Amino acid sequence: MNTTKMAVEKNSIIRQLLDVNDAEVLEQVKQLLRRENKKHPADWVSEPEEEYKPLNKQEVLSGLNEAFAEARLAREGKLQGRPLKDVLNEL
């Protein structure tokens with residue numbers, strides 16, 4: 001199957017999964033995917049090692065303070081900024 005057909009097939013399956021409202025069916029799908037992952041681990045993207053942990057208020061404020069300090073330094077010409085195009089290309 002070529003890449004385009006594979007992407008279409010994946011999207012079709014995802015749309016079908018989004019319509020499922022039965023927790024038991026979803027659990028069966030999850031178990032099937034885990035079994036297949038164990039059979040062919042090289043074909044799968046590994047799961048993240050750490051669970052997502054949202055930032056607490058102090059971490060958010062600290063990040064904002066750092067961002068504002070960098071912006072101030074860039075405005076004052078003391079810090080060289082990066083072109084927006086380069087930043088967007090990283091995303």
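The model described here is predicted. The side chain of Lys 30 joins that of Glu 27 in a salt bridge, with a distance of 3.6 Å from N to O. Glu 27 is likewise described as partly exposed, because its relative accessibility is 32%.

As a general point, side chains of opposite charge can pair when their charged atoms come close.

## The other salt bridges

How many salt bridges does a search of the whole structure find? The search gives 3 salt bridges. One of them links Glu 36 with Lys 39, whose closest N and O atoms are 3.3 Å apart. Both residues belong to helix α2, and because they are 3 residues apart there, about one helical turn lies between them. Glu 36 has 26% relative accessibility and therefore counts as partly exposed. Lys 39 reaches 56%, so Lys 39 counts as exposed; the cut-off for this class is over 50% relative accessible area.

A further salt bridge is formed by Glu 76 and Lys 78, with 3.5 Å between the closest N and O atoms. Glu 76 is partly exposed, since its relative accessible area is 44%. Lys 78 has a relative accessible area of 64% and is therefore exposed.

## Charge across the chain

The charged side chains can also be considered as two sets. The protein chain carries 15 positive and 17 negative side chains.

Which residues form a nonpolar patch on the surface? The patch consists of Leu 55, Val 60, Leu 61, Leu 64 and Phe 68, and together these residues have about 490 Å² of accessible area. Leu 64 is located in helix α3, which spans residues 57-75. With a relative accessibility of 41%, Leu 64 is counted as partly exposed.

Leu 79 lies in the loop between α3 and α4, the latter covering residues 84-90. Its relative accessibility is 36%, so Leu 79 is classed as partly exposed. From Leu 79 to Asn 11 the separation is 68 residues in sequence, and their C-alpha atoms are 44 Å apart in space.

## The overall form of the chain

The protein chain contains 4 helices and 0 strands. Along the sequence, its pattern reads α-α-α-α. Why is the chain described as more spread out than a compact globule? Its radius of gyration is 22 Å, whereas the globule rule gives 12 Å for 91 residues; the value for this chain is well over that figure, so the chain is more spread out than a compact globule. Along the principal axes, the C-alpha atoms fill a box of roughly 55 × 35 × 30 Å.

What share of the 91 residues is buried? Buried residues account for 0% of them.

Key:
Residues are numbered from 1 along each chain as its sequence is written. This is a predicted model: local features need pLDDT of at least 70, side-chain atom pairs count only at pLDDT 80 or more; totals for chains, interfaces and linings use all residues. Side-chain values use heavy atoms; hydrogens and water are left out. Helices (H or I, at least four residues) and strands (E, at least two) are DSSP runs, numbered from the N terminus. The radius of gyration is taken over C-alpha atoms; the globule rule is 2.2 Å times the number of residues to the power 0.38. Buried means under 20% relative accessible area, exposed over 50%, partly exposed in between (1.4 Å probe, protein chains only). Lys and Arg count as positive and Asp and Glu as negative; His and the chain ends are not counted. The place of a charge is taken as NZ of Lys, CZ of Arg, CG of Asp or CD of Glu. Patches are made of residues with over 30% relative accessible area and no salt bridge: like charges are joined within 9 Å, nonpolar side chains (Val, Leu, Ile, Met, Phe, Trp, Tyr) within 5 Å. Accessible areas come from the Shrake-Rupley method with a 1.4 Å probe; for residues, only the protein chains shown count as cover. A salt bridge is a side-chain nitrogen of Lys or Arg within 4 Å of a carboxyl oxygen of Asp or Glu.
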